[in-house]
Amino acid sequence: MERNELAHFLRRRRALLQPETVGFPAGGRRRAPGLRRFEVAQLAGMSPDYYARLEQGRGPQPSVAMLTALARALRLTIDERDHLFRLAGHHAPPRIGGDEHVSRGLLRLLDGLRGLPALIASDLNIVLAQNPMADALVGQQTHFRGLARSCTYRWFTGSEMRGLYPAEDHEHESRAQVEDLRATLAARPADPVAGKLVGALRAESAEFAELWAQHDVAVRRSDRKRILHPAVGLIELDFDILATARQDQRLIVYSPAPGSAAVSQLELLAVLGQQRFTPPGTDPRGEARTDRHLPG
């Protein structure tokens with residue numbers, strides 16, 4: 001791990017990003033160009049103190065998952081991402097099918113959808129990035145590890161994902177997820193990650209095994225979602241998957257039908273989301289404080 005080079009690279013890339021390009025307000029006095037440290041930490045889903053230590057050349061070696069999150073937060077190109085990994089003492093991820101690097105252009109589209117919940121997911125239903133509205137609607141979905149990173153895995157092996165939907169919608173959602181996963185496996189039959197996910201689900205979920213045996217296949221492109229939210233109640237939204245150049249990545253947008261109750265519910269959700277995502281651990285000038293402990 002080249003700590004000093006890594007620190008310089010992070011500071012340089014942060015200085016090149018403008019707040020309005022990543023969904024932050026452009027107003028306010030800034031003593032230096034680019035994003036503030038706490039803003040990068042917020043985008044990457046990590047402690048501001050942890051990120052500050054990396055920029056100061058005194059942090060521990062970041063994990064692969066943390067580097068992946070930093071690459072997205074800093075809007076790195078794929079070459080810049082590989083350089084980041086090498087500076088941190090890791091091998092660069094292979095550039096093959098299933099690569100989870102999200103392009104700058106796709107992230108800009110996500111940032112521009114400020115009034116609608118939107119996220120970027122892989123074809124294995126792994127959420128790679130999401131905007132604050134999506135976080136306010138369905139919660140943070142990018143912090144999981146292992147097979148649990150896949151929303152499909154969590155749907156069939158736990159109760160948290162199912163709690164987002166009314167019970168009468170569960171059968172439809174289960175079928176849609178299985179059909180879409182089979183389409184992914186058909187497109188990438190030699191992918192070891194996809195194969196491992198399917199094998200684990202067949203072993204751990206009788207419901208999944210039964211649906212998988214029916215051999216139904218359909219790429220999910222649109223749907224209607226009814227989501228149970230603790231603050232705004234049952235909200236009904238259109239669910240559209242927008243085509244991207246990356247066949248293994250998808251831009252997913254939730255939108256209300258014009259004139260429906262969901263329009264005002266999303267407006268309320270936007271207000272609640274702004275209150276929820278006021279960055280913790282900041283002083284009145286918006287600079288990151290350094291009195292917080294590193295995560296274990």
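**Exercise 1. Find which helices the buried residues of α11 pack against.**

Solution. Start with the terms. Helices are DSSP runs of H or I with at least four residues, strands are runs of E with at least two, and both are numbered from the N terminus. Buried means under 20% relative accessible area, exposed means over 50%, and partly exposed lies in between (1.4 Å probe, protein chains only). Contact means heavy atoms within 4.5 Å.

Step 1. The buried residues of α11 are F208, L211 and W212.
Step 2. These residues cover an arc of only 100° around the axis, which puts them on the same side of α11. The arc is that of the directions from the helix axis to the C-beta atoms.
Step 3. The buried residues of α11 pack against α8 (151-157), α9 (170-187) and α10 (192-204).
Step 4. Turn to the face away from the buried side: there sit the exposed residues A206, E210 and A213.
Step 5. After α11 comes H215, with a positive phi near 60°.

A note on the source: this is a predicted model, where local features need pLDDT of at least 70 and side-chain atom pairs count only at pLDDT 80 or more, while totals for chains, interfaces and linings use all residues. Residues are numbered from 1 along each chain as its sequence is written, and side-chain values use heavy atoms, with hydrogens and water left out.

**Exercise 2. Classify the ring pairs F208–W212 and F239–Y254.**

Solution. Rings of Phe, Tyr and Trp (its six-membered ring) pair if their centres lie within 6.5 Å; planes under 30 degrees apart are stacked, over 60 edge-to-face, and the rest tilted.

Step 1. The whole structure holds 4 aromatic pairs.
Step 2. For F208 and W212, the ring centres are 5.4 Å apart and the planes stand at 20°, so this pair is stacked.
Step 3. F208 and W212 both belong to helix α11 (residues 206-213), 4 residues apart, about one turn of the helix. Both are buried.
Step 4. For F239 and Y254, the centres are 5.4 Å apart but the planes stand at 65°, so this pair is edge-to-face.
Step 5. F239 is in strand β4 (residues 233-242) and Y254 in strand β5 (residues 249-255), so the pair ties together parts 15 residues apart in sequence.
Step 6. Check burial. F239 counts as buried at 5% relative accessibility. Y254 is buried too, at 6%.

**Exercise 3. Find the charge that lies over the face of W212.**

Solution. The test: NZ of Lys or CZ of Arg is within 6 Å of the ring centre and within 35 degrees of the ring normal.

Step 1. R182 lies over the face of W212, 3.8 Å from the ring centre.
Step 2. Elsewhere, R154 lies over the face of F144, at 3.7 Å from the ring centre.

**Exercise 4. Which members of the largest nonpolar core touch the most other members?**

Solution. A nonpolar core is a set of buried Ala, Val, Leu, Ile, Met, Phe, Trp, Tyr and Cys residues joined through side-chain atoms within 4.5 Å.

Step 1. This core has 47 residues; I120, L137, L181, F208 and Y254 touch the most other members.
Step 2. α10 gives the most to this core, with 5 residues.
Step 3. A second, separate core has 26 residues, including V40, M46, L84 and F85.
Step 4. Recall the background: in soluble globular proteins, nonpolar side chains tend to be buried together.
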